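Morning, everyone. Here is the model I want to walk through today. Have a look, and then I'll start with the terms.

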Amino acid sequence: DDYVGDIVGRVYAEYQKRLRAANAVDFGDLLLEVLSLTEHPQVGPDLCGRFSHVLVDEFQDTNRVQFDLVARLSRGHNLAVVGDDDQSIYSWRGAEVANILRFEKDFPGAKIIRLEQNYRSTSHILATADGLIAHNAGRLGKTLWTDAGDGVKVRVIGVWDGPEEARRVGVEIESLRRDGLGIDQTAILVRAQFQTREFE
(Lines give C-alpha, C1' and ligand atoms only; values in the text may rest on other atoms or scores of the structure.)
Protein backbone atom coordinates (compact mmCIF):
# COMPACT_ATOMS: atom_id res chain seq x y z
CA ASP A 1 0.00 0.00 0.00
CA ASP A 2 2.93 2.35 0.26
CA TYR A 3 5.30 3.86 -2.28
CA VAL A 4 8.50 2.28 -0.90
CA GLY A 5 6.86 -1.12 -0.48
CA ASP A 6 5.71 -0.99 -4.10
CA ILE A 7 9.23 -0.21 -5.32
CA VAL A 8 10.79 -2.91 -3.12
CA GLY A 9 8.24 -5.44 -4.37
CA ARG A 10 9.02 -4.68 -8.02
CA VAL A 11 12.78 -4.68 -7.46
CA TYR A 12 12.61 -7.97 -5.54
CA ALA A 13 10.54 -9.62 -8.29
CA GLU A 14 13.09 -8.49 -10.90
CA TYR A 15 15.95 -9.63 -8.65
CA GLN A 16 14.42 -13.11 -8.33
CA LYS A 17 13.81 -13.26 -12.08
CA ARG A 18 17.47 -12.46 -12.78
CA LEU A 19 18.67 -15.01 -10.24
CA ARG A 20 16.60 -17.71 -11.96
CA ALA A 21 17.91 -16.65 -15.39
CA ALA A 22 21.48 -16.96 -14.08
CA ASN A 23 20.68 -20.31 -12.41
CA ALA A 24 21.85 -18.72 -9.16
CA VAL A 25 20.62 -18.37 -5.59
CA ASP A 26 21.42 -15.96 -2.77
CA PHE A 27 21.96 -16.88 0.89
CA GLY A 28 18.27 -16.72 1.78
CA ASP A 29 17.44 -18.89 -1.22
CA LEU A 30 19.98 -21.51 -0.12
CA LEU A 31 17.93 -22.06 3.03
CA LEU A 32 14.61 -22.03 1.19
CA GLU A 33 15.84 -24.44 -1.50
CA VAL A 34 17.14 -26.94 1.09
CA LEU A 35 13.88 -26.61 3.01
CA SER A 36 11.91 -27.35 -0.14
CA LEU A 37 14.12 -30.39 -0.79
CA THR A 38 13.02 -31.84 2.57
CA GLU A 39 9.47 -31.91 1.18
CA HIS A 40 10.43 -33.52 -2.15
CA PRO A 41 9.03 -37.10 -2.25
CA GLN A 42 12.20 -38.63 -3.74
CA VAL A 43 14.89 -36.54 -2.01
CA GLY A 44 13.23 -35.53 1.28
CA PRO A 45 13.22 -38.87 3.13
CA ASP A 46 16.91 -39.48 2.38
CA LEU A 47 17.90 -35.92 3.31
CA CYS A 48 15.90 -35.93 6.55
CA GLY A 49 17.25 -39.36 7.52
CA ARG A 50 20.87 -38.61 6.72
CA PHE A 51 22.01 -37.04 10.02
CA SER A 52 21.77 -39.02 13.24
CA HIS A 53 22.87 -35.98 15.27
CA VAL A 54 22.08 -32.33 14.61
CA LEU A 55 23.73 -29.53 16.60
CA VAL A 56 22.70 -25.87 16.32
CA ASP A 57 24.66 -23.10 17.99
CA GLU A 58 23.23 -19.62 18.71
CA PHE A 59 19.71 -21.07 18.48
CA GLN A 60 18.20 -17.84 19.83
CA ASP A 61 19.16 -16.18 16.53
CA THR A 62 17.47 -18.64 14.16
CA ASN A 63 14.73 -17.41 11.87
CA ARG A 64 11.57 -19.30 10.89
CA VAL A 65 13.11 -21.00 7.84
CA GLN A 66 16.15 -22.13 9.84
CA PHE A 67 13.88 -23.43 12.61
CA ASP A 68 11.77 -25.41 10.13
CA LEU A 69 14.90 -26.83 8.50
CA VAL A 70 16.34 -27.92 11.87
CA ALA A 71 13.02 -29.50 12.87
CA ARG A 72 12.82 -31.50 9.63
CA LEU A 73 16.47 -32.59 9.55
CA SER A 74 16.35 -33.73 13.19
CA ARG A 75 12.95 -35.45 13.18
CA GLY A 76 13.40 -38.78 14.94
CA HIS A 77 17.10 -38.10 15.55
CA ASN A 78 19.28 -36.52 18.22
CA LEU A 79 18.99 -32.75 18.33
CA ALA A 80 21.13 -30.49 20.52
CA VAL A 81 20.80 -26.73 20.52
CA VAL A 82 22.87 -24.15 22.35
CA GLY A 83 21.54 -20.69 22.94
CA ASP A 84 20.71 -17.93 25.35
CA ASP A 85 17.37 -16.17 25.10
CA ASP A 86 18.91 -13.12 26.78
CA GLN A 87 21.44 -12.74 23.96
CA SER A 88 19.15 -12.60 20.95
CA ILE A 89 20.36 -9.61 18.93
CA TYR A 90 19.40 -10.35 15.33
CA SER A 91 15.66 -9.66 15.22
CA TRP A 92 16.41 -6.98 12.60
CA ARG A 93 17.41 -9.78 10.20
CA GLY A 94 14.50 -12.06 11.01
CA ALA A 95 15.75 -13.97 14.06
CA GLU A 96 12.91 -15.11 16.33
CA VAL A 97 13.81 -15.50 19.99
CA ALA A 98 10.49 -17.38 20.31
CA ASN A 99 12.24 -20.36 18.68
CA ILE A 100 14.24 -20.94 21.87
CA LEU A 101 11.48 -19.81 24.25
CA ARG A 102 9.10 -22.51 23.00
CA PHE A 103 11.77 -25.18 22.47
CA GLU A 104 10.39 -27.53 25.14
CA LYS A 105 6.93 -27.31 23.59
CA ASP A 106 8.17 -27.89 20.02
CA PHE A 107 10.45 -30.74 21.08
CA PRO A 108 8.65 -32.55 23.92
CA GLY A 109 10.88 -34.56 26.23
CA ALA A 110 13.92 -32.40 25.52
CA LYS A 111 16.40 -32.18 28.36
CA ILE A 112 17.29 -28.60 29.28
CA ILE A 113 20.70 -27.91 30.77
CA ARG A 114 21.24 -24.38 32.01
CA LEU A 115 24.86 -23.25 31.84
CA GLU A 116 24.82 -20.72 34.64
CA GLN A 117 28.44 -20.63 35.80
CA ASN A 118 30.33 -17.76 34.21
CA TYR A 119 34.10 -18.16 33.97
CA ARG A 120 34.99 -14.68 32.65
CA SER A 121 33.17 -12.14 34.83
CA THR A 122 33.18 -11.17 38.47
CA SER A 123 30.11 -11.29 40.70
CA HIS A 124 29.59 -7.50 40.52
CA ILE A 125 29.41 -7.68 36.71
CA LEU A 126 27.00 -10.63 36.82
CA ALA A 127 24.76 -8.94 39.39
CA THR A 128 24.60 -5.83 37.20
CA ALA A 129 23.78 -7.90 34.11
CA ASP A 130 21.16 -9.92 36.00
CA GLY A 131 19.56 -6.72 37.29
CA LEU A 132 19.17 -5.36 33.76
CA ILE A 133 18.17 -8.61 32.09
CA ALA A 134 15.51 -9.34 34.73
CA HIS A 135 13.40 -6.60 33.10
CA ASN A 136 13.26 -8.47 29.77
CA ALA A 137 9.78 -9.76 29.03
CA GLY A 138 9.31 -13.38 27.96
CA ARG A 139 12.52 -15.05 29.01
CA LEU A 140 13.43 -18.49 30.29
CA GLY A 141 15.51 -17.17 33.17
CA LYS A 142 18.71 -18.29 34.77
CA THR A 143 20.86 -17.53 37.80
CA LEU A 144 24.39 -16.59 36.80
CA TRP A 145 27.21 -17.21 39.26
CA THR A 146 30.99 -17.22 39.32
CA ASP A 147 33.97 -18.32 41.39
CA ALA A 148 35.93 -15.27 40.17
CA GLY A 149 35.26 -13.16 43.28
CA ASP A 150 33.55 -9.79 43.60
CA GLY A 151 35.91 -7.70 41.49
CA VAL A 152 35.58 -3.96 41.06
CA LYS A 153 32.09 -2.47 41.32
CA VAL A 154 30.44 -1.56 38.04
CA ARG A 155 30.08 2.16 37.28
CA VAL A 156 27.56 3.39 34.74
CA ILE A 157 28.48 6.66 33.03
CA GLY A 158 25.99 8.22 30.63
CA VAL A 159 27.40 10.14 27.67
CA TRP A 160 25.78 12.14 24.91
CA ASP A 161 27.55 10.69 21.87
CA GLY A 162 30.56 8.75 20.55
CA PRO A 163 33.10 11.60 20.78
CA GLU A 164 32.16 12.29 24.41
CA GLU A 165 32.41 8.59 25.20
CA ALA A 166 35.93 8.45 23.69
CA ARG A 167 36.99 11.53 25.65
CA ARG A 168 35.65 10.11 28.94
CA VAL A 169 37.39 6.78 28.38
CA GLY A 170 40.63 8.55 27.47
CA VAL A 171 40.50 10.65 30.64
CA GLU A 172 39.84 7.51 32.71
CA ILE A 173 42.80 5.69 31.15
CA GLU A 174 45.08 8.69 31.80
CA SER A 175 43.93 8.75 35.43
CA LEU A 176 44.63 5.04 35.84
CA ARG A 177 48.10 5.48 34.31
CA ARG A 178 48.88 8.30 36.76
CA ASP A 179 47.88 5.89 39.55
CA GLY A 180 50.45 3.38 38.27
CA LEU A 181 48.37 1.06 36.09
CA GLY A 182 50.37 -0.02 33.05
CA ILE A 183 48.97 0.65 29.58
CA ASP A 184 49.37 -3.09 28.93
CA GLN A 185 46.72 -3.67 31.61
CA THR A 186 44.15 -1.53 29.82
CA ALA A 187 41.61 -2.62 27.23
CA ILE A 188 38.63 -1.00 25.53
CA LEU A 189 35.88 -3.44 24.64
CA VAL A 190 33.38 -2.49 21.95
CA ARG A 191 30.32 -4.23 20.50
CA ALA A 192 31.21 -3.48 16.86
CA GLN A 193 34.35 -2.37 15.05
CA PHE A 194 32.83 0.95 13.86
CA GLN A 195 32.78 2.07 17.50
CA THR A 196 36.60 2.17 17.55
CA ARG A 197 36.75 5.17 15.17
CA GLU A 198 36.19 7.77 17.88
CA PHE A 199 38.83 6.15 20.07
CA GLU A 200 41.33 6.10 17.20
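First, residue classes: Ala, Val, Leu, Ile, Met, Phe, Trp, Tyr, Cys and Pro count as nonpolar, Asp, Glu, Lys and Arg as charged, and the others, Gly among them, as polar.

This is a predicted model, where local features need pLDDT of at least 70, side-chain atom pairs count only at pLDDT 80 or more, and totals for chains, interfaces and linings use all residues. Residues are numbered from 1 along each chain as its sequence is written, and side-chain values use heavy atoms, with hydrogens and water left out.

Now the second largest pocket. A pocket is an open set of points on a 1 Å grid over the protein atoms alone, where a 1.4 Å probe fits, with protein on both sides within 12 Å along at least five of seven lines; lining residues have an atom within 4 Å of a point. Its volume, the space filled by probe spheres set on the points, is about 190 Å³. Of its 14 lining residues, Phe27, Gly28, Leu31, Asn63 and Arg93 are the closest to the centre. By class, the lining has 6 nonpolar, 4 polar and 4 charged residues.

Next, the largest nonpolar core. Such a core joins buried (under 20% relative accessible area, 1.4 Å probe, protein chains only) Ala, Val, Leu, Ile, Met, Phe, Trp, Tyr and Cys residues through side-chain atoms within 4.5 Å. The largest has 8 residues, including Val54, Phe59 and Phe103. A second, separate core of 5 residues includes Leu31, Leu47, Leu69 and Leu73.

Last, Gln195 and Ala21. They sit 174 residues apart in sequence and 41 Å apart in space, C-alpha to C-alpha.

Conventions: Buried < 20%, exposed > 50% of the residue type's maximum accessible area, 1.4 Å probe, protein only.
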